[in-house]
Amino acid sequence: MQVSDRHWSDAVQDVVKAGRRMDQRGWVPATAGNLSRRLADGRIAITRSGGHKGFLTEQDVIEIDPQGRPLDASQKSSAETLLHTQLYAFDPAIGAVLHGHSVAATVLSMMDPAPAITLAGYELLKVFERQSTHETSIDVPVFHNDQDIARLAGVIAPSLGGMPAGYVIRGHGVYVWGRDMAMALARLEGLEFLLACELERRKS
């Protein structure tokens with residue numbers, strides 16, 4: 001097997017395993033969510049449109065160019081591919097992007113019209129970049145949902161670089177990223193845990 005092919009296979013397996021883990025946690029119901037991983041050579045592996053993330057196979061992960069176009073015109077990537085490529089274009093250090101639809105993210109973002117969900121005082125805040133203590137707070141931006149993804153990307157663009165915990169699309173779900181898939185998953189799990197904590201606190 002050629003080295004480049006092995007690298008592609010490794011990236012695909014990262015996506016497949018992440019999809020299964022997210023499914024186990026209930027973060028990608030039905031065909032919701034999308035996942036991607038960028039290779040060192042710039043290629044991008046992303047989930048095919050419409051597939052259940054808990055049952056991904058290698059054929060459910062396709063290659064797109066930096067503009068989000070599938071290299072094979074017969075294939076169709078996620079409708080939200082542009083939100084992945086936007087992040088990759090913004091920061092060359094980003095190696096993986098994850099998007100899920102959890103109950104906590106969906107409900108919290110619909111309960112409160114505020115432009116951000118503030119997370120404060122939690123030990124797990126230290127999972128996010130540049131955080132070293134629980135004695136801090138992080139604002140997770142909440143953007144209004146929009147089926148025009150190019151327009152939504154334009155709304156998100158000014159906030160890029162200032163979202164250490166990712167962001168939430170109202171009534172929809174979260175976007176989280178990292179330098180590799182392991183970091184992206186750790187940040188996703190951290191954010192989902194904290195959003196679940198906030199939802200529980202607001203019930204009382």
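Predicted model: local features only at pLDDT ≥ 70, side-chain atom pairs only at ≥ 80, totals over all residues.
**Entry 1: around H101**

Setting aside neighbours within four places in sequence, I found H101 in contact with G26, W27, P29, A32, G33, T106, H172 and G173. Then I checked where H101 sits: it belongs to the loop between strand 4 (96-100) and helix 3 (103-111).

Next I looked for polar partners. The side chains of H101 and H99 are joined by a polar contact of 3.0 Å. I also noted G33, whose backbone nitrogen lies 3.5 Å from a polar atom of the H101 side chain. G33 was on my contact list for H101 as well.

**Entry 2: the aromatic rings**

How many aromatic pairs does the structure hold? I counted three. One of them is Y167 with Y175, a stacked pair with 5.3 Å from centre to centre and 20° between the planes. I looked up accessibility too: Y167 is buried at 0% relative accessible area, and Y175 also counts as buried, at 0%.

Eight of them make an open sheet in the order 3-2-1-4-8-7-6-5, and the pairing is mixed. Which strands stand at the edges? They are strand 3 (61-64) and strand 5 (116-120); each has a single partner strand, so one side of each has no neighbour in the sheet. On average, neighbouring strands here are turned by 20° against each other, ignoring direction.

Strand 2 (residues 44-47) pairs with strand 3 in the antiparallel sense over four bridges. In strand 3, E63 stands opposite A45.

**Entry 3: helices on the sheet**

Last, I looked at two helices. Helix 3 lies across strand 5, strand 6 (137-143), strand 7 and strand 8, and runs at about 75° to strand 7. Helix 5 (residues 181-203) packs on the sheet too, touching strand 1 (34-38), strand 4, strand 5, strand 6 and strand 8. The direction of helix 5 makes about 145° with that of strand 8.

Notes: Residues numbered from 1 in each chain as written. Heavy atoms only, no water. Polar contact = N/O pair within 3.5 Å; in protein donor to acceptor, adjacent residues only side chain to side chain. Contact = heavy atoms within 4.5 Å. Phe/Tyr/Trp six-rings, centres within 6.5 Å; stacked < 30°, edge-to-face > 60°. Buried < 20%, exposed > 50% of the residue type's maximum accessible area, 1.4 Å probe, protein only. Pairing = 2+ DSSP bridges. Axes fitted to C-alpha atoms, helices over the stretch in contact; angles between N-to-C directions.
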